[in-house]
Amino acid sequence: MGPGDTGAKPEEVAVSVKDPSYSPVEPNVSGRVLLSNTPGKTAAQPNHMSARSGGDDAKSVGIVQRIKTFIYNDYYVPRDAIRSEITAGLVVGLAVVPEAIAFALVVGIKPQWGVDTTLMTTFVVGVFGGRPGLCNGASGAVAVVIKDIVEQEGVEYMGWTVILAGFICMAFGFLRLARFMNLISSSVMVGFVNALAIIIGCAQVKAFKRDIDLSGKKSVGRRASYDVFVDGDPWVEPDIAGWMMLEVGVCMLTMILLPLIKHEKLRFVHWIPSSVLGILLATLVEHAIVRPVGYSTRTIGDLGRMTGELPQSLWNRGYEVAPLNSDTLTKIFPTAGTLAAVALIEQMMTLTLVDQMTKTKGAASREAVGLGLGNIAA
């Protein structure tokens with residue numbers, strides 16, 4: 001040992017996942033071993049280490065250990081789980097795209113915008129949320145709220161509304177208020193979800209109208225969801241409506257019957273989301289039965305062209321964005337507050353459900369921050 005060498009060695013900061021002596025405090029159903037924030041002990045440190053250098057080393061080791069624990073617990077995927085993780089991502093991704101298109105039609109905007117915003121939200125919340133990898137897609141509850149601002153003020157105010165809602169979600173997260181969402185009564189949530197189901201159901205009836213407006217222009221006068229039945233807009237022809245109901249029935253029956261298949265040799269069908277399979281079968285009916293007999297129903301391509309390009313920024317979507325001033329904030333703040341509340345409630349409910357399923361604990365405040373970042377990025 002040289003004269004300038006104190007012999008001090010930093011503590012080990014890694015905990016081997018193969019170490020049989022290591023036992024996590026909260027085991028989880030996935031079988032992953034979570035690292036501890038406490039550095040592992042190694043050989044005894046030399047007595048002649050100075051108190052100052054020892055304190056500095058302990059502090060640096062603690063920071064390194066926290067970073068390593070954070071990265072490992074949140075982003076590390078064991079080699080034997082890579083295949084299942086990729087499969088799960090593909091399956092959920094296939095299910096999210098039709099939902100994004102459907103809810104874009106509910107709002108009254110182009111389907112491509114729905115896919116673009118869903119892509120950005122899913123990626124950002126998945127990386128920065130309280131449960132990395134938890135997929136976030138389009139939401140019927142959020143679509144219903146955004147629909148109000150589009151109809152009242154026009155699509156030019158939609159972007160600022162979502163951004164302001166994102167900042168509100170982030171504020172909830174930083175102030176650690178998101179956990180109080182769990183205090184909402186379950187009966188209130190049941191009524192809330194049922195009311196949303198009625199609103200979304202009424203919005204779907206619009207598909208049976210002869211003309212569908214996806215321009216995002218401000219509506220003349222405030223319209224209730226049930227006005228679709230009495231607004232005087234012409235319906236599609238009866239024969240076209242019959243073929244549309246056939247395709248709707250095929251899709252619904254597929255979604256109902258697919259989960260009931262329990263045969264061992266047919267287990268592979270459960271890898272395909274029932275909604276995606278229903279859409280594929282309904283599309284097959286359209287091109288194999290409906291069109292050969294001389295009829296056709298409206299497709300996504302008829303409503304709006306899907307370009308397949310990367311998501312575009314708010315200022316490059318083909319419409320003029322409202323100026324950011326006090327008048328704009330006055331118009332969007334009530335809707336933005338409602339949007340943030342609905343998004344937080346849904347996200348916290350999902351987080352609680354995943355906690356129960358995996359026997360682990362997610363970070364509610366961090367999830368709120370990630371949700372806010374996702375809305376801002378979208």
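**View 1. Helices α7 and α8 make a right-handed crossing.** Right-handed here means that the near helix is turned clockwise from the far one by less than a right angle. This is a predicted model, where local features need pLDDT of at least 70, side-chain atom pairs count only at pLDDT 80 or more, and totals for chains, interfaces and linings use all residues. Residues are numbered from 1 along each chain as its sequence is written, and side-chain values use heavy atoms, with hydrogens and water left out. The axes of α7 (residues 238–257) and α8 (residues 274–290) come within 8 Å and cross at roughly 150 degrees. Axes are lines fitted to C-alpha atoms over the stretch in contact, with angles from 0 to 180 degrees between N-to-C directions; helices are DSSP runs (H or I, at least four residues), numbered from the N terminus.

**View 2. Helix α5 meets helix α10 at an angle of roughly 55 degrees.** Here the axes of α5 (residues 158–174) and α10 (residues 326–358) come within 8 Å. That makes α5 oblique to α10 (under 35 degrees is roughly parallel, over 145 roughly antiparallel, 65 to 115 roughly perpendicular, the rest oblique). This crossing is right-handed too. Look for Trp160, Ile168 and Phe172 of α5, and Phe333, Gly337 and Leu344 of α10, among the contact residues.

**View 3. Residues 1–33 have pLDDT under 50 throughout.** pLDDT is the predictor's confidence in each residue, from 0 to 100. The model still has 46 contacts beyond four places in sequence for this stretch. Over the chain, mean pLDDT is 75, and 76% of residues reach 70 or more.

How values were computed. Helices (H or I, at least four residues) and strands (E, at least two) are DSSP runs, numbered from the N terminus. Contact means heavy atoms within 4.5 Å.
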